[in-house]
Structure formats: C-alpha cells, structure tokens
Amino acid sequence: MVRGKVQMKRIENLTSRQVTFSKRRNGLVKKANELSVLCDAEVALIIFSQKGRLYNFASSNMQKTIERYHERARETVVDNSTELQQYMEHLKHETANMAKKIEILEVSKRKLMGQGLGSCSMDELQEIDSKLERSLENIRARKAQLFNDEIESLKARESLLLEENKNLREKCRLMPTPSAPPPPPPTQLKERGNCSKNTQNLEVETELFIGLPAMRCS
C-alpha cells in the first residue's frame with residue numbers, strides 16, 4: 001500500500017503527535033548511529049520533547065563532543081572576525097587610493113581651466129597646452145560633424161518638399177478644366193431682345209425747370 005505524502009504542519013491530535021514523535025525519534029537515533037558507524041564520524045544528538053524530556057545519542061562521549069563543538073565555534077567566530085578585520089583594512093586601503101586619484105584629477109582639472117599654474121614647470125605647461133589643443137581639435141571635429149549632419153538633414157527635407165510639390169503640380173495638371181456654360185436657346189434670346197426694346201421705350205427724357213408751370217408751357 002502506497003503511503004500518502006505527509007503534510008509538514010503541527011499534528012493537532014495529542015495521541016497521534018506522541019506516537020509520531022516516538023517513531024521519528026527512534027528513526028533519527030538509528031540514522032545517527034548508522035552515520036557514525038558507516039562514516040567513522042563523531043555524532044552527538046540531543047532531543048527535547050514537548051514536555052521537556054531529554055533524549056540524546058553520542059557515538060563517543062557526549063561531554064567531549066559538546067566541548068569540541070564549543071571550541072570549534074569559538075575558532076569560527078575568531079576566524080570570521082579576522083576575515084572581517086582584513087576586509088575592513090582592504091576597504092580602507094581602497095578608499096585612500098580612490099581619494100588620491102580624485103585629488104589628482106581635481107588638480108589636473110583646475111590646471112586645464114588655467115588655475116593653479118604657478119607651481120607648474122615648463123614641461124607641465126607644455127603638456128597642458130598639448131592636452132588643450134587635442135581637446136579643441138576634438139571639439140571642432142564634433143561641431144563639424146554636427147553641422148554636416150544638419151546640412152544633410154536639410155537637404156533631405158528639401159528633396160522631400162520638392163517631390164511633394166512635383167506631385168501636387170502633376171495632380172493639378174491632370175484635373176479636368178471646367179467647361180463653358182452652353183448658349184441659351186433661341187427663345188430666351190428673343191425674350192431678352194424684347195426686354196431690351198421695352199426698356200428703351202420706357203426711357204423718359206427728364207429736364208430740370210425752375211419757375212411757374214405757365215412759364216414752362218410758353
């Protein structure tokens with residue numbers, strides 16, 4: 001019969017918990033004994049039950065094994081402390097070296113900016129001058145590159161605009177031109193002629209006259 005997987009949690013039933021403790025304690029002692037016999041190892045096992053009862057197993061002498069453990073633990077603490085101290089010394093040394101490098105860089109920076117040149121020799125001044133010349137050459141080269149890139153970008157933009165203008169002209173040329181309106185029919189022309197004659201007949205000659213009506217008739 002296949003045993004189910006045991007869940008790793010506290011057994012709530014008191015009787016089942018005590019039975020499980022007894023079985024697993026005996027199994028653990030058996031495994032410790034096998035380890036000491038098969039591998040010639042010094043094994044010490046200490047178990048306290050829930051009620052505080054002590055169970056132990058030792059392949060040799062329990063007290064000597066415990067003393068050996070304490071001694072080894074102190075050595076481990078000392079070794080760790082020594083390693084930590086050495087590591088701290090290493091960090092201090094690295095910090096001091098980094099501080100010196102930063103100071104040298106700060107002095108070099110001030111000299112490149114024209115500060116603190118009073119203590120410089122001719123060779124140092126010549127070296128500073130050479131560094132400045134190289135820096136200026138790099139700056140000019142970078143500026144020229146940026147100008148060329150900008151010119152190429154503008155040329156590409158110009159070509160794109162010219163191409164768009166050409167396409168628009170082609171579209172305008174292909175668009176149909178609006179045709180002239182058709183001439184009016186003869187009946188409309190006749191009506192327009194009659195309207196013109198009537199307009200001429202309706203024209204009245206007007207004259208401005210100042211005075212009595214009788215004087216105008218004479």
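Arg173 pairs with Glu170 in a salt bridge, their closest N and O atoms lying 2.5 Å apart. A salt bridge is taken as a side-chain nitrogen of Lys or Arg within 4 Å of a carboxyl oxygen of Asp or Glu. The model is predicted: local features need pLDDT of at least 70, side-chain atom pairs count only at pLDDT 80 or more, and totals for chains, interfaces and linings use all residues. Residues are numbered from 1 along each chain as its sequence is written, and side-chain values use heavy atoms, with hydrogens and water left out.

Arg173 and Glu170 both belong to helix α3 (residues 122–174); because they are three residues apart there, about one helical turn separates them. Helices (H or I, at least four residues) and strands (E, at least two) are DSSP runs, numbered from the N terminus. Arg173 is exposed, at 59% relative accessible area. Glu170 is partly exposed, at 37%. Buried stands for under 20% relative accessible area, exposed for over 50%, and partly exposed for the range in between (1.4 Å probe, protein chains only).

The count of salt bridges is four. Side chains of opposite charge can pair when their charged atoms come close. One of the bridges joins Glu42 and Arg68, with 2.3 Å between the closest N and O atoms. Glu42 sits in the loop between α1 and β1 (44–48) and Arg68 in helix α2 (residues 62–112), so this pair ties together parts 26 residues apart in sequence. Glu42 is partly exposed, at 34% relative accessibility. Arg68 is exposed, at 55%. Arg10 and Glu12 form another bridge, at 3.3 Å from N to O. Glu12 is exposed, with a relative accessible area of 62%.

Pockets were located on a 1 Å grid over the protein atoms alone (an open set of points where a 1.4 Å probe fits, with protein on both sides within 12 Å along at least five of seven lines; lining residues have an atom within 4 Å of a point). The largest pocket has a volume of about 420 Å³. It is lined by 15 residues, of which Arg17, Gln18, Phe21, Ser49 and Gln50 are the closest to its centre. Helix α1 (residues 14–39) contributes the most to this lining, with nine residues. The lining holds five nonpolar, five polar and five charged residues.

Conventions:
Grid points are joined across faces, edges and corners, and a volume is the space filled by probe spheres set on the points. Ala, Val, Leu, Ile, Met, Phe, Trp, Tyr, Cys and Pro count as nonpolar, Asp, Glu, Lys and Arg as charged, and the others, Gly among them, as polar.
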